[in-house]
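User: I'm new to this one. Could you walk me through how the labels you use follow from the values?

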Amino acid sequence: MSEEHYLELCDSPVQFENASSVNNVFFDEANKQVFAVRSGGATGVVVKGPDDKNSIAFRYECALKSLCFALIKQNRPVFSFQNGGQGGSEISQVCGEKNATVLGFCWTSWNEIVFITDQGVEFYQVLPDKRSLKLLKSHSINVNWYVYCPETSVILLSTTVQGNVLQPFAFKCGTMSKMSKFEIELPVVTKPAKIILSERDIAVATIYGQLYVMYLKHHSRTGNNPGAEVVLYHLQREGACKRSHILKLNTTGKFALNVVDNLVIVHHQSSQTSFMFDIKMKDTDSNLNIHQPVLPARSIHPYKIALTGPAAVGSQTPVPCELCILFLTFLLGSGYLWYLQVKLKPVVSLLQDKSKLMEFLLRRRDCKMVILSVCSQMLSRGDKGSLPVVAIVFDKLNQVYKEYLEAEQSYTMAVECGPSRGSTAHKRPVRTQAVIDQSDMYTHVLSLFTERKDVSHKFIIAVLMEYIRSLNQFQITVQHYLYELVIKTLVQHNLLYMLHQFLQYHVLSDSKPLACLLLSLESTYPPAHQLSLDMLKRLSTANDEIVEVLLSKQQVLGALRFIRSVGGHDNISARKFLDAARQTKDQMLFYTIFRFFEQRNQRLRGSPNFTPGEHCEEHVAYFKQAFGEQAFIKPVTL
């Protein structure tokens, strides 16, 4: 079933002329490009890559012996290549060692190149204008073979008779740094000594931002032998390289390695299946992490390709493509090159432990919608016994959420403080798909969950409070719409006593939107009005809102008393209060309010009259009409 395939090939492979007697095909790991070389380059070289909109084509007059364009003249190594590859000027460089055998070369930047021979490495700067190379640094060492990691510009050289002592070199901005050499532990030692470690069993890759050397360790077939394993050595810029992880394959045979989305994928040729490993998922507490596959071994999702050429005549149906795995590439001999991709949806059914599943998904690149889907499925069971699992999942999500918020806050503070002397530019934290914020949970999970009729309302409320508990645990400010969701759910199920308790004991934090929501519930739950006012008073920044609430309830005298109690009565609008008093149709109330503002005018300006800017002419006329021009009562006391 397609649901069980958690590995697939990309939709748009690179298509090129397949290998034949007149066409050689090479793969450039650094640029992820395929070179199709016809007749040794004399009749054309075509270069294609996954991100290239247009292919590059050029001709080379001399016969190309390999992808690295190494030519042998007069038994002396000569590196020869064309500037720009488009018929530009040719640059040639004689190798420093006379009797050296050329192993290859690597570009470490657009104008820096490393030559590797069996006698050492030579680091050059390319000077296009002078059509020459400048030697920056060289190092003499006996070399059996080499492996290059283009992402980190690190070259690994195999040395010694058995080939298992590896010497790394790092290249950056015109410098070549010799790193600590280390020894690969071999399963057997032969006598007499000969090369045992092959470059086919070594790969260099960046996993979770760290550089690792991966060694495919084969064991001899014995009764007690569990099978081959992949040993990971952590290669550090400074310090010794240490063995840090062992990936147990539990079988023997031929294998190939890929690293996709920080996952180590090991392909087994005879079974046509692949193993998936995540080195951050620990199986033991030992310093040396021993890992079993995260998921059961599965084949790559079958791929169909459209027929071309004579075979396509009369047939429009794509045919299945039998995947032949080569090291880090696919089907070079068949004219197709794919990127390998991880499908996360099948993982959900294969990894039953929700805690491990969430850890796995949070470390993946395109994880957000799958994580939200898992949360929805987890809650749909409506089982109170699953609440501890729900709590663990929420905590894992909010831990990542909190880390992002802290990084964002640190960045903001650093930018506001300005650059300090000697400091580098501050880099804004990248918001990955693993950051599941409150809006995501509300929109895709919780709001839909509260509408379910087949789930107990008690479980719904427990889930909502569990999510709020998790946010509080990580000191994340809870957004008001989550509290509103809780209140609406409680009111919908007539759990008003629980609502009162939540508010009384401050389980739901005070906020203006929440207070306004409580006001709207007064007709359903009369105590909500006072609960709202109490909340607004506690906020101490909601005086205007409290006044508006009281005026809307025609509690004009109460509003005036409140505003006096907080010392804001000298700045309030007289017209607003007089409008509210008129609407009550209580003449004595209007009289009291009118006289209060006359007294305020007398105290502030020495005259009881209202200024034109207060727009109270209508109310002054009404007062004269109702009480006469000489109406007098003792000064009002509120």
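User: Why is Cys10 called buried?

Analyst: Buried means under 20% relative accessible area, with exposed being over 50% and partly exposed in between (1.4 Å probe, protein chains only). Cys10 has 8% relative accessibility, so Cys10 counts as buried. Cys375 sits at 0%, so Cys375 is buried by that rule too. Keep in mind that this is a predicted model, where local features need pLDDT of at least 70, side-chain atom pairs count only at pLDDT 80 or more, and totals for chains, interfaces and linings use all residues. Residues are numbered from 1 along each chain as its sequence is written, and side-chain values use heavy atoms, with hydrogens and water left out.

User: How many disulfides are there?

Analyst: The rule asks for a pair of cysteine sulfur atoms within 2.5 Å. The count comes to 0 disulfides.

User: How do you know that the length of α3 agrees with a helix?

Analyst: Helices (H or I, at least four residues) and strands (E, at least two) are DSSP runs, numbered from the N terminus. The expected span of a helix is 1.5 Å times one less than its number of residues. Helix α3 (residues 368-380) has 13 residues and should span 18 Å; its end C-alpha atoms are 19 Å apart, which agrees. Just after α3, Gly382 has a positive phi of about 65°.

User: Which residues of α3 are buried, and what covers them?

Analyst: The buried ones are Lys368, Val370, Ile371, Leu372, Val374, Cys375, Met378 and Leu379. Their cover includes α1 (345-350), α2 (354-362), α4 (387-417), α5 (438-449) and α6 (457-473).

User: What makes α5 and α6 roughly parallel or roughly antiparallel?

Analyst: Axes are lines fitted to C-alpha atoms, for helices over the stretch in contact, and angles run from 0 to 180 degrees between N-to-C directions. Under 35 degrees is roughly parallel, over 145 roughly antiparallel, 65 to 115 roughly perpendicular, and the rest oblique. α5 and α6 pack at about 170°, with their axes 11 Å apart. That makes α5 roughly antiparallel to α6. Contact (heavy atoms within 4.5 Å) is made by Gln438, Met441, Leu446 and Phe449 of α5 and by Phe459, Ile460, Val463, Leu464, Tyr467 and Leu471 of α6.

User: And how do α12 and α13 cross?

Analyst: The axes of α12 (residues 556-565) and α13 (residues 574-583) come within 10 Å and cross at roughly 155°. So α12 is roughly antiparallel to α13. Val556, Ala559 and Leu560 in α12 meet Phe577, Ala580 and Ala581 in α13.

User: What makes β20 mostly covered, and which strands does β20 pair with?

Analyst: In β20 (residues 210-217), 7 of its 8 residues are buried. Two strands pair if DSSP finds at least two bridges between them. There are 6 bridges joining β19 (residues 202-207) to β20, running antiparallel, and 6 bridges joining β20 to β21 (residues 229-234), also antiparallel. Ala205 stands opposite Tyr212, and Tyr215 stands opposite Val231. β19 and β20 form a hairpin with 2 residues between them, and Tyr208 in the turn has a positive phi of about 50°.

User: In the sheet of 3 strands, what is the order, and which are the edge strands?

Analyst: This open sheet has the order β23-β24-β25, with antiparallel pairing. β23 (255-260) and β25 (273-277) are the edge strands, as each pairs on one side only. Neighbouring strands here are turned by 25° against each other on average, direction ignored. β23 and β24 (residues 263-268) are joined by 6 bridges, with Ala256 opposite His267.
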